[in-house]
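Thanks for coming. I have one structure to go through today, so let me put it on the screen.

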Amino acid sequence: MIKILNLLLLTLSTSVLFAQNALVWDFKTQGRVYSSPVVDDSNIYIGSNDSCLYVLGKEKGRLKWKFKTKGEVKSRPLLYKNTVIINSTDGSIYAINKQNSEIQWVFKTEGEQRKDIWDYFLSSPVIKNGKLILGSGDGHVYSIDPNNGKLIWKYKTEGIVHATPLVHDNKVLIGSFDGYFYSLNAENGQLIWKFKTVGDAYFPKGEIQKGAALYSNSVIFGSRDYNLYALNIETGRGVWNYKEKGSWVIATPLVIDNNIHVGTSDSHRFCSLSAIDGSEVSSYPLNMRVYGSAIQHDNDIYFGCFNGKLYQIDQSKEKLKVIFQTSGSKKNYSEVYNDKDEFKTGFELYGEDFMKVEKNILDLGAILSTPVIDNGIIYFGDANGVVYALKLPKKSI
């Protein structure tokens, strides 16, 4: 047993070492990075809490230009024609020329707000049928003309809307911190249906924090009431719900074939469920939260964790391994964890010093960013403000 354990630890440490050596480049911003990157042929685009959008060359990570807003850029940028569109906590949406960083237009909402310290993201803009759709901390869902920034329609919810919209079959599907999930007509913003989450004794509103995924005729999303929900897209009626006891489900689920894959908050695990009925398929234990979404590449699943580690799941072998550890995690890991990878004695996540504890966790180089993979390179940011480009490990035979 000891021999097997030692072999497992050696394999794990070797995989981490290989990945560290596979670092192509890193780039330091001046704020924490919760934003998820997007790429085009030459560049990577990513926001930072230092209020800037950064445009870096994919090959060497050199700064091409940056654009400064008056707030934190905590959403995924959107590339549209010759512009990059971003959402900022200053309450404005910006369209910026990709070549010369000049402002094309600015749309001002009624202002941003943050629910609490665990409300880490802004709604990321999406384009569908010539309309820009996104949510706002002012409680609205907005539809904007992406060519000139003029309002097409807006819909008012009763809570912060930091979820990223899913647009399907002329429906805008989006959740709010008011605990409702909405289906809106994408043409005019009129309500088609809305669904109220169940709620929980500690979180009765059942706030919906991030985005939804599509499976067949269902829309699937998580909530702060510990549930994952699958709703019928046409009627808004429940298809199934799965209770993740004691844990929010923040991350947008990844759908592959008939399964969904998602990390959890305080139950500290990554799990797969049947998209058909919500039954559990597999589970991988972690030692910290997952808020970013997982992605699939070459039959492998990749996701980041608050512990500063990037994970890979080989679906064919059902194996989880660490492929990278951020510099902040390597430096500060012993401040949070003991040599058994468990919380140190006296380390309490939600005690009286929860603000300080949350800072300690973020200082691990927590990965809230959802990675993107392009041409064998995986890109993501961390909570210490570092943007990484990492050559993917080769598949073992």
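Predicted model: local features only at pLDDT ≥ 70, side-chain atom pairs only at ≥ 80, totals over all residues.

Residues are numbered from 1 along each chain as its sequence is written, and side-chain values use heavy atoms, with hydrogens and water left out.

Residues 22–112 are 0% helix and 49% strand (DSSP runs: helices H or I, at least four residues; strands E, at least two; numbered from the N terminus). Their end C-alpha atoms lie 39 Å apart. For residues 125–242 that distance is 28 Å.

Next, a sheet. Four strands form an open sheet in the order β18-β19-β20-β21, with antiparallel pairing (pairing takes at least two DSSP bridges). β18 (213–215) and β21 (238–243) are at the edges with a single partner strand each, so one side of each has no neighbour in the sheet. Strand β20, residues 227–232, pairs with β21 over 5 bridges; N227 has K243 of β21 as its bridge partner.

Last, the largest nonpolar core, with 36 residues. Such a core is a set of buried Ala, Val, Leu, Ile, Met, Phe, Trp, Tyr and Cys residues joined through side-chain atoms within 4.5 Å, buried being under 20% relative accessible area with a 1.4 Å probe, protein chains only. Y120, F303 and F306 have the most contacts inside it. α3 gives the largest share, 3 residues.

Key
Buried < 20%, exposed > 50% of the residue type's maximum accessible area, 1.4 Å probe, protein only.
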